[in-house]
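Subject: Structure for your review

Dear colleague,

Please find below the sequence and structure that I am handing over to you. My notes on what was found follow directly after them.

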Amino acid sequence: MIEWHLMLAIASIGLVAGFLSGLLGIGGGIIVTPLLLYMPQLVGASTLSIRTVAGLTIVQGLLASLVGAISHRRFKFSSGRLAAYMGATIFVAAFLGGAGSKLVSNTVLLVLFLALACAGGILILLPTKNEEEYPAGAALDFNPARAVAVAAGVGLLGGMVGQGGSFILIPLMTWFVKVPTRIAIGSNLAVVLFSSAAGFLGKAFTGQIEWLLAVPLVLTVIPSAALGSRVSRRLSVLTLRRTLAVVIGVAVVRIAVSLLSGEVAG
């Protein structure tokens, strides 16, 4: 029997997560996961299992990053070269991180991830000199070695602790790789698409996705991600950076709660 209030709750989550993904260039998992875990209870619906939540989260991430990447590329706010360098690197690094996660304590890794997120929140708030409001992604000049280093580090650590880390990638791309904020947002969605596609295929082929519950996500994430991308184009770079800082702050709190509650074992 279909629980319509549960379906409506999932649809609402899809609207919020899709919009933020398109707006800020993040996968949205750090927001979607806690909402899927706790919101159904608030509306009197059945509690979702961790496995179901993980499956729905990867569906949301795949759809949002795909739609957002296409939209930002249409606005010329993404770099195919940057996405290729970082996407291929993070795909391999996340795979190696996931495979080697048993070698290091998850708690230690999550503390490092938390520290990196805190640093990202600070970096995104630092003023930038002479940044263009509407840079051309096709003309982007960047240091490939720095781009690969960032993707490898975040991908490896994120793979070990089961976090995507897109909210950390953007600050590091703007500060260390010297990528304009709009290009970092648009290109990061293409980067996240690589890891989301790998995770989606893995969960789909092993029966870890509740397809019926994924329907409201499909119906809401696609239009909301497209809308978020359009709104992103109209906001100033400073507003985007401040909004991203708030989302990173939410991510920091979420990770800290996981640590303090013992949610992460090992």
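In these notes, a contact means that heavy atoms lie within 4.5 Å. By that criterion, and not counting residues up to four places away in sequence, Thr-47 touches Leu-37 and Gln-41. Please note that this is a predicted model.

Confidence of the model

The protein averages a pLDDT of 84, and 94% of the residues score at least 70. Among the elements of the protein, helix α9 (residues 211-234) has the highest mean pLDDT, 92. The lowest mean value, 80, belongs to helix α5 (residues 106-125).

The loop between α2 and α3

Thr-47 is located in the loop between α2 and α3. Its relative accessible area is 54%, and Thr-47 is therefore classed as exposed, the cut-off for that class being over 50%. Along the chain, Thr-47 and Leu-6 are 41 residues apart, while their C-alpha atoms are separated by 9.2 Å.

Val-43 lies in this loop, between α2 (29-42) and α3, as well. With a relative accessible area of 37%, Val-43 is partly exposed. Leaving aside neighbours within four places in sequence, Val-43 is in contact with His-5 and Ala-9. Between the C-alpha atoms of Val-43 and Val-16, which are 27 residues apart along the chain, the separation is 17 Å.

Helix α3

Thr-52 counts as buried because its relative accessibility is 11%, and buried means under 20%. The side chain of Thr-52 is joined to that of Ser-49 by a polar contact of 2.9 Å. Beyond the residues up to four places away in sequence, Thr-52 touches Glu-210 and Leu-213.

Ser-65 is also found in helix α3. At 0% relative accessibility, Ser-65 counts as buried. A polar atom of the Ser-65 side chain lies 2.7 Å from the backbone oxygen of Gly-61. With neighbours within four places in sequence left aside, Ser-65 is in contact with Leu-189, Val-192, Leu-193 and Ser-196. In sequence, Ser-65 and Val-191 are 126 residues apart; in space, they are 8.5 Å apart, C-alpha to C-alpha.

Two lysines with positive phi

Lys-76 has a positive phi of about 65 degrees, although it is not a glycine. This residue is found in the loop between α3 and α4. Lys-76 is exposed, with a relative accessible area of 60%. The C-alpha atoms of Lys-76 and Ser-196 are separated by 22 Å, and these two residues are 120 residues apart along the chain.

Lys-178, again not a glycine, has a positive phi of about 65 degrees. Its place is in the loop between α7 (166-175) and α8 (181-205). The relative accessible area of Lys-178 is 56%, which means that this residue is exposed.

Helix α7

Is helix α7 mostly covered or mostly open? The helix is mostly covered, with nine of its 10 residues buried. The buried residues of α7 include Phe-167, Ile-168, Leu-169, Ile-170, Leu-172 and Met-173. Ser-166, Pro-171 and Thr-174 are buried in this helix too.

A nonpolar patch on the surface

Which residues form a nonpolar patch on the surface? They are Phe-91, Val-92, Phe-95, Leu-96, Leu-156 and Phe-194, with about 580 Å² of accessible area together. The largest share of the patch, four residues, comes from helix α4 (residues 80-99). Val-92 has its place in helix α4. Val-92 is partly exposed, at a relative accessible area of 46%.

With kind regards

How values were computed: Residues numbered from 1 in each chain as written. Heavy atoms only, no water. Patch = residues over 30% accessible without salt bridge, like charges linked within 9 Å, V, L, I, M, F, W, Y side chains within 5 Å. Areas by Shrake-Rupley, 256 points an atom, 1.4 Å probe, with all protein chains shown as cover. Salt bridge = Lys/Arg side-chain N within 4 Å of Asp/Glu carboxyl O. Buried < 20%, exposed > 50% of the residue type's maximum accessible area, 1.4 Å probe, protein only. Polar contact = N/O pair within 3.5 Å; in protein donor to acceptor, adjacent residues only side chain to side chain. pLDDT = per-residue confidence, 0-100.
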